[in-house]
Amino acid sequence: MAKKSFYKIEMLFLKVLEQEDCYGYQLTQSIQDITNGQIKIAEGTMYPILYKLQDKGYISDRQVKVGKRQTRVYYHLEPAGKEYLSQLTHDYYQMIDAIQAVLGPRI
């Protein structure tokens, strides 16, 4: 059996992008808000993951000018990204079920 990680940050990014296009800071804030601060993702962690997702064609970006000189890069989930999210989600729940089998019912 191949080694699988428990969950991937990219899964969380893709799930948020499934709901709406977001710029980087908005993406990390959404995850922090949804998880009540339990998951905080640093900028140094976020961008390499976003670039990897872009390189694989799972997300695309578009630049939007805000103000006179500032540009925001919004990320958009592509169809290939939806498929990848589905696979990540399946793997995640499979791992949760395996862990639950070992731990037994919640006490």
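Helices, here and below, are DSSP runs of H or I with at least four residues, numbered from the N terminus. The model on screen is predicted.

Start with helix 1 and select Lys-15 and Glu-18. Both residues lie in helix 1, 3 residues apart, about one turn of the helix. Glu-18 is partly exposed at 36% relative accessibility, and Lys-15 is partly exposed at 43%.

Next, show helix 1 (residues 9-19) together with helix 3 (residues 43-55). Their axes are 10 Å apart and meet at an angle of about 70°, so the two helices are roughly perpendicular to each other. On the helix 1 side the contact residues are Ile-9, Glu-10, Phe-13 and Leu-14; on the helix 3 side they include Met-46, Ile-49 and Lys-52.

Glu-10 counts as buried because its relative accessibility is 5%, under the 20% cut-off. Lys-52, at 37%, counts as partly exposed.

Move to Asp-21, in the loop between helix 1 and strand 1 (22-23), and Arg-62 in strand 2. This pair also forms a salt bridge, at 3.6 Å between the closest N and O atoms. A search of the whole structure finds 3 salt bridges.

Finish at helix 4 (residues 79-103), where Leu-103 is placed. Ile-99, Val-102 and Leu-103 make a nonpolar surface patch of about 320 Å². Leu-103 is exposed, with a relative accessible area of 65%.

Conventions: Residues numbered from 1 in each chain as written. Predicted model: local features only at pLDDT ≥ 70, side-chain atom pairs only at ≥ 80, totals over all residues. Heavy atoms only, no water. Patch = residues over 30% accessible without salt bridge, like charges linked within 9 Å, V, L, I, M, F, W, Y side chains within 5 Å. Areas by Shrake-Rupley, 256 points an atom, 1.4 Å probe, with all protein chains shown as cover. Salt bridge = Lys/Arg side-chain N within 4 Å of Asp/Glu carboxyl O. Buried < 20%, exposed > 50% of the residue type's maximum accessible area, 1.4 Å probe, protein only. Axes fitted to C-alpha atoms, helices over the stretch in contact; angles between N-to-C directions. Parallel < 35°, antiparallel > 145°, perpendicular 65-115°, else oblique. Contact = heavy atoms within 4.5 Å.
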